[in-house]
Structures are given as structure tokens and as C-alpha cells.
Amino acid sequence: MNATPNLTNSGKVVSVRGSVVDVRFEKLLPPIHSILKADEGRVVIEVFAQRDAHHVRAIALTPTQGLARGMTVTDTGGPLKAPVGKGILSRMFDVFGNAIDRQPAPSDVQWRSVHRAPPALARRSTQSEIFETGIKVIDVLLPLERGGKAGLFGGAGVGKTVLLTEMIHNMVGHQEGVSIFCGIGERCREGEELHREMEAAGVLPNMVMIFGQMNEPPGSRFRVGHAALTMAEYFRDDEHRDVLLLIDNIFRFIQAGAEVSGLMGQMPSRLGYQPTMGTELSALEERIANTETGAITSIQAVYVPADDFTDPAAVHTFSHLSASIVLSRKRASEGLYPAIDPLQSSSKMATPGIVGERHYALAQEIRRTLAQYAQLKDIIAMLGLEQLSQEDRNVVGRARRLERFLTQPFFTTEQFTSMQGKLVSLEDALDGCARILSDEFKDVPESALYMIGKIDEALTKQAETADTHAP
């Protein structure tokens with residue numbers, strides 16, 4: 001008989017159905033969220049339910065090829081853990097904390113459970129501060145909150161990942177904090193490109209990347225968000241630093257949860273989503289908060305299935321956010337990038353008490369002008385611009401100039417557009433909008449305001465165009 005029989009709790013595989021594995025334990029039943037290993041540690045399984053006194057139902061976090069009935073399963077005695085510490089900076093990990101950037105495993109790390117409670121209300125900070133991004137349309141109309149959560153909503157191919165990457169580029173450069181990029185169920189190509197771009201921009205030393213890609217089992221995609229948050233909480237609570245947490249894509253987290261729920265045999269609720277969707281999303285989102293020691297500011301891309309904003313996944317995500325940035329396919333087709341629809345988007349920060357009277361009044365005036373233009377579009381389409389009153393024509397002119405001024409060339413798309421990226425301060429962006437609304441640029445062609453940084457660049461552009469057309 002073995003001298004230390006209680007150190008390893010082992011069981012036998014009873015059945016394997018895709019990613020669902022049933023295991024029988026004779027003595028000690030492992031708690032829920034325990035990690036089990038089989039096939040010499042190659043297959044990693046997480047306990048999701050205790051079926052009776054001897055059986056657990058678990059979901060595999062790795063492919064189950066080669067797993068068979070009767071195989072021995074070992075209980076590791078703990079939940080899934082993520083590496084934390086200074087050693088994880090500038091590295092790329094998978095959901096198990098394995099380095100996937102072809103470099104040796106980090107040595108200076110601790111391992112912490114990915115299942116942690118959100119900070120208590122008493123520990124949370126109640127101050128509201130603005131988080132500048134350097135992107136005109138966001139800073140002016142949809143200010144983000146330090147320690148808040150912002151969502152980038154849009155269907156496929158409207159520029160969610162590009163906008164997210166641009167924000168990383170802008171913020172990591174002028175921030176003292178740490179950035180954590182969490183890829184949930186996205187393409188591995190995007191991860192490789194992002195790593196290369198961040199390395200070229202020189203911002204990798206303050207960045208951590210963690211991926212659970214499309215080709216990985218649903219259990220792995222479902223847990224990668226929790227692992228990223230565990231890393232973020234370390235930098236906030238232990239190192240007292242501000243953290244920028246970027247998640248691409250939170251919808252894939254909900255989708256992975258639906259797959260896990262289906263595998264567990266639960267009855268789906270509306271539109272095939274899991275009945276526990278609200279709870280699962282809250283368990284993840286509520287951990288993103290600012291405390292007295294630091295803040296986790298999160299920007300999340302949210303795929304909207306078939307551009308339907310009444311989809312339960314989009315509706316549940318909306319309720320957690322302090323700013324909702326809606327990307328419009330129509331604006332993308334007109335070449336107005338970033339393709340943000342200012343009338344559908346909103347931010348809880350856009351109040352006079354937080355952004356100031358001048359900024360608030362300007363933002364309201366811009367929205368009013370763009371809304372009037374949206375109402376006049378049908379009349380223009382049917383009767384033409386000439387049939388409008390002079391006042392309405394002035395509104396249309398201002399709105400079209402504002403739309404073009406709020407476009408911006410991105411650093412992350414320089415290689416495709418050959419346009420140098422621009423970072424615009426909030427003061428310059430507000431100044432430009434105020435001057436357009438006061439008709440200062442009435443005689444400047446709209447094209448001169450397209451894809452520029454500060455407003456004065458329009459005058460330079462106009463002068464250059466005039467020189468090239470001169471006989």
C-alpha cells in the first residue's frame with residue numbers, strides 16, 4: 001500500500017461526450033471549480049456539477065482526443081490559477097498561464113485562483129474622473145470614465161478591433177499604468193498582429209496579453225476573461241497601479257457560456273442563450289472597479305449579432321457600462337472613420353458636473369445639429385438641398401463639416417492608408433467644434449476637414465489644394 005494515500009485523490013472516467021466528461025470518485029468528491037487532470041496531464045478538466053455522492057460532471061478546457069472510459073483522473077486539489085507578478089509584463093499567455101510567445105516561462109510569479117469576489121462597496125472609490133483617449137469623437141461626445149466600463153458595439157467588420165487597438169496605442173503611450181489585452185474567441189491572426197504592433201510602438205514593457213482563441217474548447221474561452229481579471233486585480237491591489245483592461249470580444253464570453261450551458265444539459269432561455277447569462281456576466285463585470293488603491297478601466301468590444309441591438313447578449317452587456325459606443329455600418333460605408341454613430345451612442349459622464357459647463361453645452365449643440373441633419377436627410381433625398389430654407393441649409397453645412405472634422409487618421413492603420421496617425425487633445429477637439437458651429441469654416445470646403453487632427457490643419461490643407469489647382 002502507498003505510504004501517502006490521501007495526497008492524491010483520483011477517480012475514473014465514466015463517460016466522454018465531446019467536451020463533457022463524467023468522472024467517478026470513490027472516496028472524496030472534488031468541490032465545484034476544481035481542476036482535474038487526465039492522460040498524464042494532457043487533458044485539463046474543470047468540475048461544473050456534483051451529480052451524486054460519487055460522480056462529478058466536468059467540462060474539458062483542452063481537446064479530449066485520446067480520453068477514454070476507465071482512464072485515471074487526478075484531482076489537483078484547487079481551482080484554475082493565473083500567474084501574477086512583475087514577471088508577466090510584456091508576455092503573452094493562454095488560459096492556463098502558459099507562455100505562448102516562444103520565450104521561457106516567467107520565473108518571478110505567484111499563482112492565484114481565477115475565481116475571486118468583486119471588491120466590497122466600502123472599498124470602492126466614488127469619484128468620477130474623465131479618461132482621455134486622444135480620439136476626438138469619443139472625448140467630445142462620449143467621454144470615458146476612469147475605472148469605468150465602455151463598450152464598442154457593432155456587427156462584423158465595422159472596426160471594433162481597429163478602434164480598440166488605437167486606444168491601446170494612444171493610452172499606453174501617455175499612461176503610467178499597465179494594459180492587459182484579453183482575446184476571447186477571436187482570431188489568432190489578430191493576436192499575432194497586435195503583438196507585433198505593440199512591440200514596434202515600444203509599449204510592450206507595460207502590457208500583458210492573454211488569449212483564448214476561436215479554435216479552443218468553450219470551457220477555455222469561458223475562463224480566459226476571469227484569468228485576465230485576476231492579473232488586473234494584482235496590479236490594482238498589490239502594486240497600486242491603474243490598469244487598462246481591453247476585452248475583445250465580450251460577446252464570445254457569453255457565447256462560450258451558452259455552449260458550456262448546452263453541454264451541461266441546461267434548458268436554454270430566449271434565443272438559445274443560457275438561463276444563467278445575467279449572473280455569469282455580472283460575476284465577470286462586477287470585478288472591474290476602482291478602489292482607493294487604483295482603478296481598472298475596461299474597454300470591451302461587443303459583437304452585435306445581425307446588428308440587432310435587442311439581442312439579449314447586447315441588452316445584458318449595456319446594463320453594466322458607463323459608456324456605450326455604437327459603430328454604424330452606414331457611416332463606415334460613407335468612409336467616416338471611426339464609424340461611431342454619435343446619436344445612438346451615450347455616456348453617463350456627459351453631464352455638466354463632470355465635464356464642465358462649456359464642454360457639456362458644446363456636446364449638446366453638436367448632437368442637436370447632427371440630429372437636425374438626420375431629420376432633413378429624407379427631404380434632401382427627395383427634393384434636393386435647394387428646397388431647404390437658408391437656416392436649414394446652414395445647419396446641414398455645419399453638420400457635414402462636424403461629421404468630417406470628427407473623423408481621424410489612426411496610428412494603427414498608417415500602413416494601409418498612408419495617412420499619419422493623429423492624437424488630438426480634448427481642448428483642441430472642443431475648440432475645433434466650437435469654431436465650426438460659429439460658422440468660422442463656412443467657406444472652407446468639407447473635404448479640407450476630412451481626416452485631420454487639429455482644426456487649423458484644414459486651413460493648411462485648403463491652401464495646399466488651392467496651390468495644386470492654380471494655373
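This is a predicted model: local features need pLDDT of at least 70, side-chain atom pairs count only at pLDDT 80 or more; totals for chains, interfaces and linings use all residues.
How do the residues of the lining of the largest cavity divide into nonpolar, polar and charged? Residues are numbered from 1 along each chain as its sequence is written, and side-chain values use heavy atoms, with hydrogens and water left out.

**View 1. The largest cavity and its lining.** The structure holds 1 cavity of 30 Å³ or more (a set of points on a 1 Å grid over the protein atoms alone where a 1.4 Å probe fits but cannot get out; lining residues have an atom within 4 Å of a point). V137, R331, L336, Y337, P338, E403, L406 and T407 line the largest cavity. This lining comprises 5 nonpolar, 1 polar and 2 charged residues.

**View 2. The largest nonpolar core.** This core (buried Ala, Val, Leu, Ile, Met, Phe, Trp, Tyr and Cys residues joined through side-chain atoms within 4.5 Å; buried means under 20% relative accessible area with a 1.4 Å probe, protein chains only) has 61 residues. I138, L163, M167, F181, M209 and I299 have the most contacts inside it. Another core, of 53 residues, lies apart from it and includes I35, C182, F253 and L281.

**View 3. Strands of an open sheet.** The 8 strands (DSSP runs of E, at least two residues) follow the order β8-β14-β13-β15-β16-β12-β17-β18, with mixed pairing (two strands pair if DSSP finds at least two bridges between them). At the edges, β8 (92-93) and β18 (346-347) each pair on one side only. Strands β12 (residues 149-154) and β16 (residues 296-303) pair in the parallel sense over 6 bridges, and F153 stands opposite V302 in β16.

Key
On a 1 Å grid over the protein atoms alone, a cavity is a set of points where a 1.4 Å probe fits but cannot get out, and a pocket is an open set with protein on both sides within 12 Å along at least five of seven lines; lining residues have an atom within 4 Å of a point. Grid points are joined across faces, edges and corners, and a volume is the space filled by probe spheres set on the points. Ala, Val, Leu, Ile, Met, Phe, Trp, Tyr, Cys and Pro count as nonpolar, Asp, Glu, Lys and Arg as charged, and the others, Gly among them, as polar. Buried means under 20% relative accessible area, exposed over 50%, partly exposed in between (1.4 Å probe, protein chains only). Helices (H or I, at least four residues) and strands (E, at least two) are DSSP runs, numbered from the N terminus.
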